[in-house]
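Reader: I would like to go through this structure label by label, and to hear for each label which value stands behind it. Could you set every value against its cut-off before you conclude?

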Amino acid sequence: MGLLRGLYEWTMAKAAHPKAEWWLAFFAFVESSFFPIPPHPLLGLMCLAEPKKAIRFALVCTVASVLGGLFGYAIGYFLYEAVGVWLIGALGLTESFPVAACYIREQGAAAVFLAAGTPIPFKLMTITAGFIEMNLLTFVLAAIAGRALIFMVVGVLFQVFGAPIKRIIDEYLGTVTTVFVVLVVAGIFAVTQLAGSDDGADASADPCTQVTSLERS
């Protein structure tokens, strides 16, 4: 418990560091184009450390993430053969790439919005959107809407309820950590079971799940 408390306090201090916003912007930018770790944990910790600045932090994260999305789009549009193929492979998204392209072609802005506002790897959609030459304005608007949804909700919640949440975590850190881990494990198990049970039905109902290759638009 002492080690956990020390790690928590050290992380909170770093999250409140004067240059923390720059680190947040950096991680939000690179995560949208090539970095595997999302900025959500750092955003949450920064909002927890300074609840009064939560909306500001969320706005920084949103803007930087959309700019990073444009960088990912550029990789797909201009540098797919030189960089994109290797990057998609390094991220373990090679098999998902043609499926993502199919969804963007079929659903357009809705597919980008869904990826931007959910745990779906946003970098996959940004690179794919550039590769298939999706309308740039449509891409940007969908990215802004999705990223704002996922980040600004966090900012608003912490702005409104941040102080009480911080007091609870400060007092019951061990219990909160245990509950969080249990919920994460349970969620992963549930998603895995649902995916396993529905694979056959989804594959036949959704033609995009059957796509294994693609061509440029």
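This is a predicted model: local features need pLDDT of at least 70, side-chain atom pairs count only at pLDDT 80 or more; totals for chains, interfaces and linings use all residues.

Reader: Why is α8 described as mostly covered?

Author: The term buried means under 20% relative accessible area, exposed means over 50%, and partly exposed lies in between (1.4 Å probe, protein chains only). In α8, 10 of its 10 residues are buried, among them Phe122, Lys123, Leu124 and Met125. For the protein chain, buried residues make up 36% of the 217 residues.

Reader: How do you know that Thr128 is buried, and what does Thr128 touch?

Author: Thr128, which sits in helix α8 (residues 122-131), has 0% relative accessibility and therefore counts as buried. Taking contact as heavy atoms within 4.5 Å, and leaving aside residues up to four places away in sequence, Thr128 touches Phe97, Ala100, Ala101 and Ile104. A polar atom of the Thr128 side chain also lies 2.5 Å from the backbone oxygen of Leu124.

Reader: Is Ser32 buried or exposed, and which residues does Ser32 touch?

Author: Ser32 lies in the loop between α2 and α3 (40-49), and it counts as buried because its relative accessibility is 0%. Not counting residues up to four places away in sequence, Ser32 touches Ser65, Gly68, Gly69, Phe122, Lys123, Thr126 and Arg147.

Reader: Why is Thr138 called partly exposed?

Author: Thr138, placed in helix α9, has a relative accessible area of 32%, and is therefore partly exposed. Its C-alpha is 9.9 Å in space from that of Ala110, at a separation of 28 residues in sequence.

Reader: What makes α6 oblique to α7?

Author: Two packed helices are described by the angle between their axes and the distance between the axes. The axes are lines fitted to C-alpha atoms, for helices over the stretch in contact, and the angles run from 0 to 180 degrees between N-to-C directions. Helix α6 (residues 96-107) and helix α7 (residues 109-116) pack at an angle of about 125°, with their axes 6 Å apart. Angles under 35 degrees count as roughly parallel, over 145 as roughly antiparallel, 65 to 115 as roughly perpendicular and the rest as oblique, and so α6 is oblique to α7. Tyr103, Ile104 and Gln107 of α6 make the contact with Ala109, Ala110 and Ala111 of α7.

Reader: How do you know which pairs are salt bridges, and how many does the whole structure hold?

Author: A salt bridge requires a side-chain nitrogen of Lys or Arg within 4 Å of a carboxyl oxygen of Asp or Glu, and a search of the whole structure finds 4. Glu21 and Arg56 form one of them, with the closest N and O atoms 2.7 Å apart. This pair links Glu21 in helix α2 (residues 20-31) to Arg56 in helix α4 (residues 54-78), 35 residues apart. At 19% relative accessibility, Glu21 counts as buried.

Reader: What makes the pair of Glu31 and Arg147 a tie between parts of the chain?

Author: The side chains of Glu31 and Arg147 meet in a salt bridge at 3.3 Å, N to O. Glu31 lies in helix α2 and Arg147 in helix α9 (residues 136-171), so this pair ties together parts that are 116 residues apart in sequence. Both Glu31 and Arg147 are buried, and a network of salt bridges links Glu31, Lys123 and Arg147.

Reader: Why are Glu50 and Lys53 called partly exposed?

Author: Glu50 has a relative accessible area of 23% and is therefore partly exposed, while Lys53, at 37% relative accessibility, counts as partly exposed. Their side chains meet in a salt bridge at 3.5 Å, N to O.

Technical notes
Residues are numbered from 1 along each chain as its sequence is written. Side-chain values use heavy atoms; hydrogens and water are left out. Helices (H or I, at least four residues) and strands (E, at least two) are DSSP runs, numbered from the N terminus. A polar contact is a pair of N or O atoms within 3.5 Å; within protein, one must be able to donate a hydrogen and the other to accept it, and residues adjacent in sequence count only if both atoms are side-chain atoms.
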